[in-house]
Every structure is written in C-alpha cells, then in structure tokens.
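Here's a friendly walk through some rings, charges and helices. Take a look at the structure first, then read on.

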Amino acid sequence: MSKVPSLTLNNGVDMPQLGFGVWQVPDDEAARAVGTALEAGYRSIDTAAIYGNEEGTGKAIGASGIARDELFVTTKLWNSKQEPWTRDRVLRAFDESLSRLALDHVDLYLIHWPRAVRTDYLTIWRAFEEIAESGRARAVGVSNFQPAHLRRLLDETSLVPAVNQVELHPQFQQSEVRAVNAEHGIVTEAWSPLGSGKGLLEVPTVLAIARKHERTAAQIVLRWHLQLGNVVIPKSVTPSRIVENFDVFGFELDPEDLAALAALDSGTRLGDDPDAYDG
C-alpha cells in the first residue's frame with residue numbers, strides 16, 4: 001500500500017498528495033514509466049489528451065494488477081482553438097480520453113487552459129458539471145486558471161472546481177493563486193514542481209538544505225510542496241529518479257528551511273502566461 005498522504009477534495013473525494021506526471025513522455029515509453037511508478041508505490045497518475053500518451057498510461061494501469069479503487073487517474077481536456085467548444089464536443093472529447101485510457105471513469109478531469117481571450121471555458125465547465133454528475137469523473141477541476149478566471153467561473157456557474165493545477169515551484173510560488181484556491185476550498189496542484197530542469201535544483205540554497213538533510217535537491221523541493229499543502233506530480237522516465245522522488249516522507253523541513261525556500265520566489269514563469277496563451 002502507498003504511504004502517500006491524501007487531501008480531501010471539496011466534494012469528499014480523497015486525492016493522493018504525491019502523484020506521477022507523464023508530460024512529454026512519448027506514448028511508447030509511457031507504459032514502462034507508469035509501470036515503474038506504480039511498482040515504486042505511486043497510486044496517482046496525471047496525463048492529458050494533448051500529451052498523446054493516454055493509451056500507454058492506460059496499458060500500464062491495466063497491466064499493473066492494482067485494484068482500480070486504489071488508483072487516482074487524472075486527465076485533461078485540450079480545449080484547442082479550432083471550432084467553438086460546445087457541450088457535445090466536450091462530452092465526445094471526454095469519451096475519447098476514457099477510450100484511450102481503457103477506463104470507465106477517471107478520478108479527476110481538468111480543463112487544461114482558461115484561454116482567457118475566449119469565453120469557451122464557461123461552456124466547457126457546464127459540460128464538466130454534467131460529467132461530474134454522471135460519476136464518470138469523480139471530481140472535476142481546472143488547470144492554469146488565474147484568480148480572475150476562477151472568480152468568473154464561480155460567479156457564472158454552480159460547481160466549484162475541486163483542483164486548480166498550475167505552474168508552481170520555489171522560484172514561482174503563486175501566492176495569490178494559492179490564496180484564492182484556499183478561500184474557495186480548491187486544492188492547489190503543482191506542475192513543473194522541480195522547475196523543469198532550468199536550474200532550480202542547482203540553486204545554492206536548495207543544495208545547502210539538501211546537504212543538511214542528507215537528501216537530494218529534488219527531494220527537498222518535493223518535501224517543500226508537501227509541507228505547503230500542495231498536490232505535486234513530478235515527472236521522470238529514469239527508474240532511479242522515479243523511486244527517489246517517491247522517497248520524501250522520512251524527513252521534514254524546519255521553519256528555517258521553509259523561510260530560505262520562500263525567499264527564492266522571483267515571480268518569473270517558466271511556462272506560458274494563462275492570460276495570454278491561446279495556442
């Protein structure tokens with residue numbers, strides 16, 4: 001059984017606080033990577049339609065022998081800017097994801113981007129409400145939503161998202177987004193939790209804390225997320241790192257560590273700006 005703690009979402013569903021992400025993992029590698037993660041003890045897997053690896057992810061889940069009710073599977077709607085999004089189009093896209101995953105339900109379904117220059121996300125969310133009501137997604141949420149997007153959703157629709165998955169790491173801590181999420185009972189989930197290989201794990205402050213605790217820099221950053229109350233989904237295709245990233249429960253950062261990591265916030269994104277992105 002997994003030793004990962006869970007957070008209770010605003011609809012009563014429990015979600016593991018540590019999961020395994022498969023962004024940028026090719027479909028033909030996803031089955032092996034997800035299989036390794038499941039063997040290591042992960043029980044939460046995060047994929048998306050745009051990743052192109054739902055089939056490989058589903059194969060690993062099917063081959064694992066792990067009971068479905070022990071797993072937490074997330075996928076996302078890629079709300080691209082082709083023709084306008086309608087209720088029926090959303091429901092078709094969801095059915096297609098379930099088919100590729102070879103599952104009859106997912107545990108969490110997310111809108112991948114707000115695409116704020118349009119208003120599609122309101123139409124999409126109303127279809128998500130139907131999906132949640134049907135039980136084919138145990139919870140629904142959003143990704144990359146900023147406070148203004150969340151407030152509009154809350155003002156104009158009836159269901160509060162369970163999760164908001166955003167870029168979040170010590171150099172981009174998203175304090176305003178996290179505060180708005182917390183105000184409305186929305187769990188904050190971090191993508192790019194280790195800084196996407198762009199120098200975070202070589203920062204002297206992180207390395208000094210790693211030496212102090214006799215841990216790796218990645219383990220320190222993941223522990224920081226957990227102690228902040230974030231859900232976190234590190235990605236790797238290297239078996240040793242998949243195992244290493246799971247081994248973050250045998251130590252605790254102290255207040256001095258947390259203050260030093262808090263001071264790393266530069267407010268600089270590595271990914272796209274949700275207020276501008278419409279790709």
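## Charges over rings

A charge sits over a ring if NZ of Lys or CZ of Arg is within 6 Å of the ring centre and within 35 degrees of the ring normal. Keep in mind that what you're looking at is a predicted model.

With that in hand, find Trp 85: the charged end of Arg 89 sits over its ring, 3.7 Å from the centre. Then hop to Trp 78, whose ring has the charged end of Arg 115 sitting over it, 4.7 Å from the centre.

## Rings meeting rings

How many aromatic pairs does a search of the whole structure find? The count is eight. One of them is edge-to-face: Tyr 121 and Phe 145, at 5.2 Å centre to centre and with 75° between their planes. This pair ties together distant parts of the chain, 24 residues apart: Tyr 121 belongs to helix 4 (residues 120-134), while Phe 145 is in the loop between strand 7 (140-143) and helix 5 (147-156).

Are these two buried or exposed? Tyr 121 has 3% relative accessibility, so it counts as buried. Phe 145 comes in at 0%, so it is buried too.

Elsewhere, look for a cluster: Phe 20, Tyr 42, Phe 246 and Phe 249 are linked by ring pairs.

## Two helices crossing

Now for helix 1 (residues 27-40) and helix 9 (residues 239-246). Their axes come within 9 Å and cross at roughly 40°, so the two helices are oblique to each other. The crossing is right-handed.

Who touches whom? On the helix 1 side you'll find Arg 32, Ala 33, Thr 36, Ala 37 and Ala 40, and they meet Pro 239, Ile 242, Val 243 and Phe 246 of helix 9. Phe 246 is also a member of the ring cluster.

Technical notes. Residues are numbered from 1 along each chain as its sequence is written. This is a predicted model: local features need pLDDT of at least 70, side-chain atom pairs count only at pLDDT 80 or more; totals for chains, interfaces and linings use all residues. Side-chain values use heavy atoms; hydrogens and water are left out. Rings of Phe, Tyr and Trp (its six-membered ring) pair if their centres lie within 6.5 Å; planes under 30 degrees apart count as stacked, over 60 as edge-to-face and the rest as tilted. Helices (H or I, at least four residues) and strands (E, at least two) are DSSP runs, numbered from the N terminus. Buried means under 20% relative accessible area, exposed over 50%, partly exposed in between (1.4 Å probe, protein chains only). Axes are lines fitted to C-alpha atoms, for helices over the stretch in contact, and angles run from 0 to 180 degrees between N-to-C directions. Angles under 35 degrees count as roughly parallel, over 145 as roughly antiparallel, 65 to 115 as roughly perpendicular and the rest as oblique. A crossing is left-handed if the near helix is turned anticlockwise from the far one by less than a right angle, and right-handed if clockwise. Contact means heavy atoms within 4.5 Å.
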